[in-house]
Each structure stands twice: as structure tokens, then as C-alpha cells.
Amino acid sequence: KLLPPSGKGTAVDCHVIDNSDGSYTCKYLPTKALAEVDIMVSVNGTRLSGTPFKASFEPGKTDATNCRAFGEGLHEGVAGAVCTFQIIARDAYNNRRLTGGDVFRVHVDAQSTFQREASTFMKKWSTEAEITDNGNGVYDVSWTTN
């Protein structure tokens, strides 16, 4: 079993395979990124010498479907002024990424509820946002209307 620190999740059962040569292979899928995990190993209820083994699990690669964006620049702004918001990178299991290096792209298109002529003009306006990688899984996004 994988045992997370007290109050930091639930134990994870392992799939154990007998290799028929006196050794065993243990397979498990950690889904929670934790800095400290105890791996308890026992045979027929008796713990192996040296157990628990200490391990840590980092977040997996970024999964865009779990990333989050928040900030005023997503909902409102002032013409000619810089609008900002942040993107928080997360992996496939919704663990927050703790390092940078991802390549996000933000494209801003104007929309209008005005009459058809104004709407046609507005569709011609668009911009690419500037993105700053903070190196910790957080990305600052800024854009402006010109």
C-alpha cells in the first residue's frame, strides 16, 4: 500500500505480480502529487526490512482540460489599458503544476451585440496576448486593445 501523510489522502492499493523467481512486481497509479509518501511492503502480513520506504510524486504533464484561468481581464477592461489574468497549469489528475515550461497561447477576439455593421467591424479586431511564465505553474497573461 501507498500511505500518504496523515490527512493528505487515502491509501492506494497495489497490483502485485508474482514473477515466479522469488521476486514480485508491484504496480500502482499515483494520482495525487505528494511530497511525502510511505510505501509499506509486506509479505503474508510481515513487513519487509526497511519499510516504510519514502517516496514523492510530482504532478504529471500539463493537461489543458484541467487548467484554470482567472482574473478581471477575462471579463472586463478599459479600451487602451492593459487587461490581465492568470492561468494555473494542472495535470490530468487536477494536481497543480509546480514548474513552468508550458506553451500557452491566448487569442483575443472582440464580440459585439450592436447592429450588424458594428459587429462586422468588431470581428476584424483581434490580438495575441503576451504570456509570462512565472516558473511555478502560474502564467501571467496581458493584452490590450489598440
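In this predicted model, the side chain of D91 reaches the backbone nitrogen of N95 at 2.8 Å. A polar atom of that D91 side chain also sits 2.8 Å from the backbone nitrogen of G60. As for where D91 is, look in the loop between β9 (82-88) and β10 (107-109).

Which side chain of opposite charge is nearest to D91? That would be R97, at 6.8 Å. Setting aside neighbours within four places in sequence, D91 is in contact with P59, G60, K61, T62, D63, N66 and R97.

**Salt bridges**

How many salt bridges does the structure hold? Two, and here they are:

| Pair | Closest N to O distance |
|---|---|
| D38 and K54 | 2.7 Å |

Take D38 and K54, which form a salt bridge. D38 belongs to strand β4 and K54 to strand β7 (residues 53-57), so this pair ties together parts that are 16 residues apart in sequence. K54 counts as exposed, with a relative accessibility of 58%.

R105 is in the loop between β9 and β10, while E128 is in strand β11 (residues 126-128), so the pair ties together parts that are 23 residues apart in sequence. Is R105 buried or exposed? It's exposed, since its relative accessible area is 65% and exposed means over 50%. E128 has 39% relative accessibility, so it counts as partly exposed.

**Strand β4 and A35**

Strand β4 covers residues 34-39, and A35 is found there. With a relative accessible area of 74%, A35 is exposed. Not counting residues up to four places away in sequence, A35 touches A55 and S56. Check E58 too: its C-alpha atom is 7.3 Å from that of A35, though the two residues are 23 residues apart along the chain.

Strands β2 (residues 15-18) and β3 (residues 24-27) run antiparallel, joined by four bridges. Which residue in β3 stands opposite H15? It's K27. Five residues lie between the strands of this hairpin, and S20 takes a positive phi near 60 degrees.

Methods: Residues are numbered from 1 along each chain as its sequence is written. This is a predicted model: local features need pLDDT of at least 70, side-chain atom pairs count only at pLDDT 80 or more; totals for chains, interfaces and linings use all residues. Side-chain values use heavy atoms; hydrogens and water are left out. Helices (H or I, at least four residues) and strands (E, at least two) are DSSP runs, numbered from the N terminus. Buried means under 20% relative accessible area, exposed over 50%, partly exposed in between (1.4 Å probe, protein chains only). Lys and Arg count as positive and Asp and Glu as negative; His and the chain ends are not counted. A salt bridge is a side-chain nitrogen of Lys or Arg within 4 Å of a carboxyl oxygen of Asp or Glu. A polar contact is a pair of N or O atoms within 3.5 Å; within protein, one must be able to donate a hydrogen and the other to accept it, and residues adjacent in sequence count only if both atoms are side-chain atoms. Contact means heavy atoms within 4.5 Å. Two strands pair if DSSP finds at least two bridges between them.
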